[in-house]
Amino acid sequence: MILGIDSSSLTASVAILDEGNDLVIAEYTVNTGKTHSQTLLPMIDEIFRLTGTVKKDIAAIAVAAGPGSFTGLRIGGATAKGIAGALMIPVIPVPTVEGLAYNCYGYSEIICPVMDARREQTYTGIYEFVKNEGDAPVSDDKDMSEAGAYTYTMKSIMDQCATDIGLLADRLNELGRDTVILGDGVPVFREILDKKLKIAHTYAPAGINRQSAVSIARLGARYMSEGKAVSAADFAPEYLRQSQAERETGISADGHEGQEA
Amino acid sequence: MKDLFVLGIESSCDETAASVVLNGHKVLSNVISSQIDIHTLYGGVVPEIASRKHMERIDRVVKKALADAGMSADDIDVIAVTYGPGLVGALLVGVSYAKSYAWAYDKPLVGVHHIEGHICANYIEHEDLKPPFLSLVVSGGHTHLVNVADYGKYEILGRTRDDAAGEAFDKVARVIGLGYPGGPKIDKVSYDGDPTAYAFPRAKISENEYDFSFSGLKSAVLNELNALQMKGLSYVQADVAASFQQAVVDVLVTHSMAAIDEYKPECFAIAGGVASNTHLRKAMEEACAQKGVRFCMPSPIYCTDNAAMIAVAGYHEYIAGNTSGWDLNAVPALKLGQR
């Protein structure tokens with residue numbers, strides 16, 4: 001089973017996914033913007049207790065790894081690290097924007113999550129779901145053939161990044177395809193998007209328009225099978241932005257390992 | 001009583017630290033991952049960078065503390081973590097990690113006050129030290145004169161009105177070209193200087209004789225240097241450093257001795273990063289000897305931010321029945337004695 005965690009923005013979301021049986025054992029999401037530090041672990045504790053899930057049955061922790069609020073990423077990331085470090089299981093970093101797009105699994109439109117990144121910027125990306133026609137399960141029993149069954153793979157048209165909302169609109173117009181837009185950036189940017197977009201577009205409804213730990217866990221399961229899981233020690237969020245001090249001085253803080261006493 | 005192994009975790013500023021301590025004084029491991037080389041690039045601690053580095057290091061630091069102690073996490077009885085005061089982003093990494101680590105192992109969690117940790121560092125090497133006693137906590141972020149009435153019971157007699165003592169060290173060191181971190185550099189260079197070369201002020205606060213103020217002293221140093229520059233005169237770095245340091249030490253000693261006169265404790269203990277200043281240690285030791293009061297100080301490794309002191313404080317809080325819930329939050333302006 002995989003524990004999914006997303007506290008990258010105002011949403012706090014946790015879920016237990018039984019990936020082998022393609023079943024969500026439990027999910028708990030709150031959108032009230034309460035301090036994640038106080039709510040996230042109690043939420044995790046609650047879903048384990050209610051469902052009687054045994055901690056040792058968790059095989060990996062999928063976590064929204066950024067972008068997002070620096071504080072939110074730290075709380076989610078350190079929580080994932082603590083549990084994974086204790087249970088000695090891997091962490092699967094799931095890019096936040098990809099996790100959001102995965103809410104729209106199987107849609108024929110292209111998917112464009114927009115997160116409010118402040119300063120008139122958005123954390124965004126553009127994705128599409130492509131049919132895997134060839135992966136219909138092969139059965140020995142020809143009568144039970146599932147030749148018509150297919151799955152989807154999410155493909156990136158534009159990888160997640162921090163960009164100006166106007167530039168994003170230009171890019172979507174260039175692509176010229178019907179688009180589903182979702183995320184906490186919608187209330188912020190909807191007016192400007194409606195004005196600038198020349199393509200048919202729709203805004204995803206409540207239930208799938210915010211971060212979901214279920215999507216993080218499902219996409220995480222996929223990434224784990226692709227060998228993208230890391231150790232608790234090696235996990236670090238992807239902030240997509242340097243700290244102010246680094247931007248202002250032009251000096252990167254990377255590559256300094258410090259000393260141990 | 002059964003042996004109690006406490007894992008301490010500290011991330012309130014720029015050191016990521018973890019430690020295993022047995023029964024509140026026997027340190028089995030003490031891992032401190034310092035970020036000082038990074039923050040030196042920016043001339044001081046950058047909170048966002050500190051938080052990110054804590055995130056990168058915390059799991060390795062905790063694992064190393066367990067390995068150094070020759071223990072597995074299953075052997076740990078209690079997990080203690082600093083939840084304030086400090087930099088909020090930095091604190092959140094330690095708090096979130098410690099909480100989820102404790103949760104995963106079904107271990108009790110204890111949130112610890114950072115300054116309480118500094119004071120408790122004295123129990124490590126002074127096993128017979130017991131409250132009540134008086135303590136002076138001096139560091140880059142704190143200057144507190146505290147009456148330790150009992151374990152977990154603190155009465156703040158005085159605190160700084162503006163800069164912390166260590167902050168003044170950093171600022172003056174920067175101005176005279178010694179760079180960051182200022183404390184150790186001023187300590188060292190002062191041995192070559194004349195502490196009476198400049199008569200810098202010793203601030204007194206009229207409303208509370210135990211309160212401190214170091215911003216005036218810092219300004220006095222700046223003004224002196226500006227005045228010299230206007231006259232086209234140069235100055236001897238070591239003399240300025242020694243004179244500044246003497247002013248800080250004098251104020252810390254004078255206030256502490258006044259408190260000793262009033263409270264008549266059996267013991268006086270210093271703590272915090274600035275407590276590793278060799279001139280301060282010597283001056284306090286001599287002053288306490290004159291008063292006939294026992295003087296305690298931790299080794300420098302337990303003066304700097306470390307997690308052994310957090311484990312020790314966590315031990316005493318746990319014994320007193322104080323544990324924290326899974327909703328424990330980082331409290332950047334946490335007051336001493338508040339839970």
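Helices (H or I, at least four residues) and strands (E, at least two) are taken as DSSP runs and numbered from the N terminus. On this basis chain A holds 7 helices and 11 strands, while the secondary structure of chain B comes to 11 helices and 10 strands. The structure is a predicted model, in which local features need pLDDT of at least 70 and side-chain atom pairs count only at pLDDT 80 or more, whereas totals for chains, interfaces and linings use all residues. Residues are numbered from 1 along each chain as its sequence is written, and chains are lettered from A and ligands numbered from 1 in the order in which they are written.

The C-alpha trace of chain A spans about 65 × 55 × 35 Å along its principal axes. For the 339 residues of chain B, the rule gives a radius near 20 Å, and the value of 20 Å for chain B agrees. A box of roughly 65 × 45 × 35 Å, taken along the principal axes, is filled by the C-alpha atoms of chain B.

Burial was assigned by counting neighbours: a residue is buried if 20 or more other C-beta atoms lie within 10 Å of its own, exposed if 12 or fewer do, and partly exposed in between, with C-beta atoms placed from the backbone. By this count 44% of the 261 residues of chain A are buried, and buried residues make up 55% of the 339 residues in chain B. Contacts were defined separately, two residues being in contact if their C-beta atoms, placed from the backbone, lie within 7 Å. In chain A, residues 24 or more positions apart account for 72% of the contacts with a separation of 6 or more. In chain B, 75% of the contacts between residues at least 6 apart in sequence join residues at least 24 apart.

Between the two chains, 39 residues of chain B are in contact with 35 residues of chain A. On the side of chain B that touches chain A, the elements giving two or more residues are β3 (26-34), α1 (36-40), α2 (47-68) and α3 (88-105) of chain B. The largest share of this side, 13 residues, comes from α3(B). For a division by class, Ala, Val, Leu, Ile, Met, Phe, Trp, Tyr, Cys and Pro count as nonpolar, Asp, Glu, Lys and Arg as charged, and the others, Gly among them, as polar. The side of chain B that touches chain A then has 23 nonpolar, 8 polar and 8 charged residues.

Helix packing within the chains was described with axes, which are lines fitted to C-alpha atoms, for helices over the stretch in contact, with angles running from 0 to 180 degrees between N-to-C directions. Angles under 35 degrees count as roughly parallel, over 145 as roughly antiparallel, 65 to 115 as roughly perpendicular and the rest as oblique. In chain B, the axes of helix α5 (residues 165-175) and helix α7 (residues 215-230) come within 10 Å and cross at roughly 10 degrees, and α5(B) and α7(B) are therefore roughly parallel to each other. This contact involves B:Ala168, B:Lys171, B:Val172 and B:Val175 of α5(B), together with B:Leu217, B:Lys218, B:Val221, B:Leu222 and B:Leu225 of α7(B). By class, the contact of α5(B) with α7(B) has 7 nonpolar, no polar and 2 charged residues.

In chain A, helix α4 (residues 165-175) and helix α5 (residues 186-196) pack at an angle of about 40 degrees with their axes 10 Å apart, and α4(A) and α5(A) are therefore oblique to each other. The contact is made by A:Ile165, A:Gly166 and A:Ala169 of α4(A) and by A:Phe189, A:Ile192, A:Leu193 and A:Lys196 of α5(A).

Two peptide bonds of chain B deserve mention. The bond from B:Gly84 to B:Pro85 is cis, with omega near -15 degrees, and B:Pro85 is placed in the loop between β4 (78-84) and α3 of chain B. The bond from B:Tyr180 to B:Pro181 is also cis, with omega near -5 degrees.

Terms used
Rg over C-alpha atoms; globule rule 2.2 N^0.38 Å.
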